[in-house]
2 protein chains.
Amino acid sequence: MPQSIPSYSGIPMPSLRRLPGYHHFLKQLTELKEEYVSATTIAQELKLIPIQVRKDLAYTGIIGKPKVGYPVKELIIAIEEFLDWNNTKKAFLVGVGDLGRAIIKYQGFHKLGVEIIAAFDSSPEIIGSTIGGIKILHVDKLTTLAKRINVKIGIITVPEDAAQSIADKMIVGGIKGLWNFAPVKLKIPRDIVVQSVNLAASLSVLCKQLSDVIKK
Amino acid sequence: MPQSIPSYSGIPMPSLRRLPGYHHFLKQLTELKEEYVSATTIAQELKLIPIQVRKDLAYTGIIGKPKVGYPVKELIIAIEEFLDWNNTKKAFLVGVGDLGRAIIKYQGFHKLGVEIIAAFDSSPEIIGSTIGGIKILHVDKLTTLAKRINVKIGIITVPEDAAQSIADKMIVGGIKGLWNFAPVKLKIPRDIVVQSVNLAASLSVLCKQLSDVIKK
């Protein structure tokens, strides 16, 4: 049975996932004062094929000029607009273990337009403390605060047996997008979007590939 | 241009990524003393379609019996063998920041047959200390130790500008599988396998989906 590639706004998921990589490379070019770049150069640098690069970038509305390429600055802005990076979205994180702390402290999400404004846990020892400038609150306050502050993104870094109940609380609080690190398939209504980062699945794929490589 | 789905050992990547999820659900069933389970039940629980479940599980060599389903325990063992979980693989982690610490402390990788036996950093303040029972060593020792101890997996949690040089050191040390958390495309020889966890790409997809949902 052929598998269809899921798409959003008409852009296939793999193309969408590649856009931050293009953006990162283009930013490096601006530091080198490069004004134009060809699809071939981008493809070489990112180990893609030029036709794929052209197709991906066309979704942003920018078309490269023959023999000149893409205007770097214009393309950067188009990607940022397409990915909605300039429109800062408030996020709550629930589960302040090691992974939760790592995500709170990670500086890279701000440029993607996501700002973690509070974190929640149920452990009395850490409630009231501050990590990376972010206050840790009791998880009982999650739903009320999400509604009041109009938070749209919920980051789930709790153990797997707590993930569904936290997702439910977030959804009741009006949160529409879940970024889930717990290795569970969340049951969610149709108007909620979820992206899962499944570290166990990723590591399993690596181990399987590795066993194939070593056998050869 | 149609995109082909990458596969290993004849199993498509999406099927491979789903196997740990099946395993997790099957383990829950053994706790409930269930001896058999149908593809339909698995599909319902994991929000898949039965034909997909049957196809995925067939790669492990276990075929369900009509009207009875799959033997739970047998299927668990078959998945573990297929994913090579019983064969413990030694891993080194490089980059002991927040993300590195989270991964060192995470208990879940051991059951996937991956054991982090040492971590490396270049920061004098933490070299010689111990995190989650794992000793932090100077990154200069990485290559020699990887060779001596026959380490096969390298986990890269350094900032992006250091990732390629760390990958190179790992490869010289005989490491064959890289688990890369730095948002860069690593340049690697053909006999090396890499799995990347790109948190920025995942969050970008979520934000794009979210902006579509909110617009509706």
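Analyst: What follows begins with the sheet of chain B, moves to one residue in it and to a helix, and ends with some views of chain A.

This is a predicted model, in which local features need pLDDT of at least 70 and side-chain atom pairs count only at pLDDT 80 or more, while totals for chains, interfaces and linings use all residues. Residues are numbered from 1 along each chain as its sequence is written, chains are lettered from A and ligands numbered from 1 in the order in which they are written, and side-chain values use heavy atoms, with hydrogens and water left out.

In chain B, seven strands form an open sheet in the order S7-S8-S6-S5-S9-S10-S11, and the pairing in this sheet is mixed. Helices (H or I, at least four residues) and strands (E, at least two) are DSSP runs, numbered from the N terminus, and two strands pair if DSSP finds at least two bridges between them. The edge strands are S7 (130-131) and S11 (193-196) of chain B, each of which pairs on one side only. In general, strands of a sheet pair through backbone hydrogen bonds, either parallel or antiparallel.

Buried means under 20% relative accessible area, exposed means over 50%, and partly exposed lies in between (1.4 Å probe, protein chains only). Strand S5 (residues 89-94) of chain B runs parallel to S6(B) and is joined to it by six bridges, with Val94(B) standing opposite Phe120(B) in S6(B). S6(B) also pairs in the parallel sense with strand S8 (residues 134-138) of chain B, over three bridges, and there Asp121(B) has His138(B) as its bridge partner.

S5(B) has a further parallel partner in strand S9 (residues 153-156) of chain B, and four bridges link these two strands.

Turning to a helix of chain B, the buried residues of H3 (residues 50-58) are Gln52(B), Val53(B), Asp56(B) and Leu57(B). Seen down the axis of H3(B), these buried residues fall within an arc of 125°, so they line one face of the helix, where the arc is that of the directions from the helix axis to the C-beta atoms. An α-helix has 3.6 residues a turn, so residues three or four places apart point the same way. The buried residues of H3(B) pack against helix H1 (13-31), helix H2 (39-46), strand S4 (70-71) and helix H4 (72-82) of chain B. On the side of H1, Ser15(B) lies in that helix of chain B and counts as buried at 0% relative accessibility. Apart from neighbours within four places in sequence, Ser15(B) is in contact with Asp56(B) and Tyr59(B).

Chain A can be read with the same terms. The secondary structure of chain A comes to eight helices and 11 strands, and buried residues make up 50% of its 216 residues. In strand S10 (residues 177-180) of chain A, Gly177(A) and Trp179(A) point one way while Leu178(A) and Asn180(A) point the other way, and all are buried. In a regular strand the side chains alternate between the two faces of the sheet. Strand S9 (residues 153-156) of chain A runs parallel to S10(A) and is joined to it by four bridges, one pair of bridge partners being Gly154(A) and Leu178(A).

Some loop residues of chain A complete the picture. Lys33(A), in the loop between helix H1 (13-31) and strand S3 (36-37) of chain A, is exposed, with a relative accessible area of 72%. Lys47(A), in the loop between helix H2 (39-46) and helix H3 (50-58) of chain A, has a phi near 55°, a positive value in a residue other than glycine, and is partly exposed at 42% relative accessible area. Asp84(A) also has a positive phi, of about 65°, although it is not a glycine, and this residue, found in the loop between helix H4 (72-82) and strand S5 (89-94) of chain A, is buried, with a relative accessible area of 17%.

Note on methods:
Contact means heavy atoms within 4.5 Å.
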